[in-house]
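Thanks for coming. I will go through the salt bridges in this one, and I will keep it brief.

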Amino acid sequence: MQDQTFEIPLQRITDEITRKYGVNLYVLRLDQYHPAIGGNKLFKLRYNLQEAKRQDKQYILTFGGAFSNHIAATAAAGKEYGFKTIGIIRGDQTGELNPTLTFAQEQGMQLHFVSREMYRQKDDPAFLNLLGQLPGSTLSDTYIIPEGGANAFGIKGCSEITQHIHIPFDRICCACGTGTTLAGIILSLNGNQQAMGFQVLKGEGYIKNEVQRWLSRLNATLQKWEITEGYHFGGYAKTKPELLRFMQDFENTHHIPLDFIYTGKMMYGIYDLMQKGEFKIGETIIALHTGGLQGNAGFYEKK
Ligand SMILES: *Cc1c(COP(=O)(O)O)cnc(C)c1O
């Protein structure tokens, strides 16, 4: 799954705007890490899978929405590493499976659709107990990964992302859904490096609190970081024409596709902040391309 020798491309982005504001912008192409499902999710899974092996579990059970990158990644990683995988999918099944779930099923993942009400119990031990008794699996044989790979093993894996950046930088930017990736990144910063997270869902202070909670639990409170909440475009997976237009222009100019849930919103935010003079002249910024392109197929199909 994770070929440690794979050189993750760090792509310089130059255009009229970066030149005008004197910003050295690079994109770390985590999306190119794996042929089918590159991105941040494999970093989150790495130590979870190791732990599941150590505990000698046969099954991996996890949670996600119908377009979840985490579901797709877990299904593919499970197949590659010899685990049986079970996906608990939020919402009732309507009609045919979308491309994300079709992919997951092709990797051998067993899918179980549960109502939104039931899904809300995803962190409740009694509910997990019940899920561990799904056909074929027993709880003692099942390793449970929380939604989005958001646990300490996920953070540990994400703290290794910066090892793939071989130039000095001042700031690193990342889209945030659960904040796990950002927490891992923050743990690995040195000196004056700063992390900037772009919250992709509504809810004031949501990611800030999550990240804060993880960092205090891990006794890491010295690093510099901030969350930008102004670029969620109405909420999780919501879009606006200006966002889609920006993504299209960006792809046309730089030949880097973005996804509309995460990386599109982050990049829009970076360009907007740049034009508001928020970055210093000569600053070197790394934008993480955390993947998510598999989800685009379902989105464009739906329209
Ligand atoms: C899951 C995901 C994120 C968010 O990661 P968190 O660790 O949950 O904050 C960002 N970008 C993409 C493409 C993702 O799939």
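Arg 46 and Glu 160 form a salt bridge through their side chains, N to O at 2.6 Å. By salt bridge I mean a side-chain nitrogen of Lys or Arg within 4 Å of a carboxyl oxygen of Asp or Glu. Arg 46 sits in helix H2, residues 41-54, and Glu 160 in the loop between helix H7 (152-158) and strand E7 (171-176), so this pair ties together parts 114 residues apart in sequence. Helices (H or I, at least four residues) and strands (E, at least two) are DSSP runs, numbered from the N terminus.

The model is predicted: local features need pLDDT of at least 70, side-chain atom pairs count only at pLDDT 80 or more, and totals for chains, interfaces and linings use all residues. Residues are numbered from 1 along each chain as its sequence is written, and side-chain values use heavy atoms, with hydrogens and water left out.

Buried is under 20% relative accessible area, exposed is over 50%, and partly exposed is in between (1.4 Å probe, protein chains only).

Next, Lys 122, which is buried at 17%. Lys 122 forms a salt bridge with Asp 123, closest N and O atoms 3.5 Å apart, and Asp 123 is exposed at 56%. Lys 122 also meets Glu 147 in a salt bridge, 3.6 Å from N to O. What do the shared partners build? One network, joining Arg 90, Lys 122, Asp 123 and Glu 147.

The count by this rule is ten salt bridges.
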